Amino acid sequence: MKNPDLTANAAGHLMIGGVDTVDLAHDFGTPLVVYDVAAIKQQIQAFRDSLVANGLRYQISYASKAFATVAMYQLVNQAGIHTDVVSGGELYTALQAGLPASRISFHGNNKSRAELEMAVDHHIGVIILDNFYEIQLLHEILLEKNTNVDVMLRLTPGISAHTHKYIQTGQVDSKFGFDVDSGQADQAVQEVLNIEQMHLIGIHAHIGSQIFGPEGFEMLVNKLVDISADWRAKFHYVPQILNLGGGFGIRYTADDHPLGPETFIDDIAATLKKRIAQRQLELPEIWIEPGRSIVGPAGYNLYTVGARKDIPELTSYVAVDGGMGDNIRPALYQAKYDAVCANHLNAPTVEPVHLAGKYCESGDILIDQAALPAVVPGDLVALLATGAYGYSMASNYNRNPRPAVVFVENGQAKCVVQRESYADLTRLDQSYL
């Protein structure tokens, strides 16, 4: 089934942001990562409109691990929203992009001393504490530097989203956060409340990714409100902020039926207001951390078709000039995608093929059964909805350069990440002799 959101020009070429993909491939080469900037802006606005319509005090924090470059952080800054980072490298990139440190929060289950010092030195907006070692380490740094910082506690609430086990994060058996049921969360809040250099502004939980139903968020909201009421009674402390994380699902294939931002937010707001009234608490500020849902649908990977291998009575292999080096998700956790022939968008599909990458791994199959026209060498294939966790997990495996990244909007294309060269691959190498 053809994606109804795709448009072709008179020549039958796929258009992205008003730009012909054939022209993009000609001007910037392939493999190429392309982002429709208008689609990113529209998704941010959809979340904002829903939060405002529900009368919530809120922050939208872009989960930048989905796609982190200077240009993307500049787009986040232009939109006036927050971002969260999970490493010193992401923090450095966000600061290089001019994003105010006050609008950055720092996640991660094993932040190093150097990373925490960097965050403190730049007066980052909030550090989200993940474990007891981190509480101790950050306390030492704050004492040494004679300063203070806003913090949140990341909790593991015992809620498991219905998604791939590699991207579940809220269940009890998780590497992230303070477990609620065992009493770790109670111990953590007491420790932090006793540290005058830390200002505990809220609690955070993230239950997983690629979530298609509201039930998990309903359970999370109820749990966090109940924890807030419990802490009020036990410790005379009520979190000002409930950070619900992200995980809002997107459409990768016709089998996916994601909810729109307004459906998620309406349900979250209704659940929150009901539970708050029951527990006689004031309405907290709500934070959400969409990443995939902001950039995923806006991204495309363009490839040029090369070799074909036909095996009698078996599915043929069609190879492209990219693969697991620019999109490891299919090999890593069997992620599914749709693809189209970008230079013949309206051509009828004639056969399923194994859409194979060029990397020396049998598992380098981008789509196991890709419905495509009869493509030939030189044709242009577009993988759809690749904007999240493709380029951000790209590698130089087999010493292949990483692709360029192009932003398109209103018929204009701008390269925001240059294609790596062979010289780039050896730039940091040191001679043994």
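These exercises work through a few local features of a predicted model.

**Exercise 1. Locate Ser 105 and decide whether Ser 105 is buried or exposed.**

Step 1. Find the element. Ser 105 lies in strand S7, which spans residues 104-106.

Step 2. Check the accessible area. The relative value for Ser 105 is 2%. Buried means under 20%. Ser 105 is therefore buried.

Step 3. List the contacts, leaving out residues up to four places away in sequence. Ser 105 touches Ser 61, Thr 83, Asp 84 and Val 85, as well as Ile 124, Val 126 and Ile 128.

**Exercise 2. Name the buried residues of helix H5 and say what covers them.**

Step 1. Helix H5 runs over residues 113-121.

Step 2. Pick out its buried residues. They are Glu 115, Leu 116, Met 118, Ala 119 and Val 120.

Step 3. Look at the cover. It includes helix H4 (88-96) and helix H6 (132-145). Strands S7 and S8 (126-129) are also among the covering elements.

Step 4. Recall a rule of helix geometry. An α-helix has 3.6 residues a turn, so residues three or four places apart point the same way.

**Exercise 3. Work out which strands stand at the edges of the three-stranded sheet.**

Step 1. Read the order. The sheet is open, its strands are ordered S1-S2-S3, and the pairing is antiparallel.

Step 2. Find the edges. Strand S1 (7-8) and strand S3 (19-20) each have a single partner strand, so one side of each lacks a neighbour in the sheet.

Step 3. Inspect one pair. Strand S2 (residues 14-16) is joined to S3 by two bridges. Met 15 stands opposite Asp 20 in S3.

**Exercise 4. Find the cis peptide bond and place its proline.**

Step 1. The cis bond joins Thr 30 and Pro 31, with omega about -5 degrees.

Step 2. Pro 31 belongs to the loop between helix H1 (21-28) and strand S4 (32-36).

**Exercise 5. Describe the setting of His 123 and of Asn 410, two residues with a positive phi.**

Step 1. Take His 123. Its phi is positive, about 55 degrees, although His 123 is not a glycine.

Step 2. Take Asn 410. Its phi is also positive, about 55 degrees, and Asn 410 is not a glycine. Its loop lies between strand S20 (404-409) and strand S21 (412-417).

Step 3. Check exposure. Exposed means over 50% relative accessible area. His 123 has 58%, so His 123 is exposed. Asn 410 has 69%, so Asn 410 is exposed.

How values were computed
Residues are numbered from 1 along each chain as its sequence is written. This is a predicted model: local features need pLDDT of at least 70, side-chain atom pairs count only at pLDDT 80 or more; totals for chains, interfaces and linings use all residues. Side-chain values use heavy atoms; hydrogens and water are left out. Helices (H or I, at least four residues) and strands (E, at least two) are DSSP runs, numbered from the N terminus. Buried means under 20% relative accessible area, exposed over 50%, partly exposed in between (1.4 Å probe, protein chains only). Contact means heavy atoms within 4.5 Å. Two strands pair if DSSP finds at least two bridges between them.
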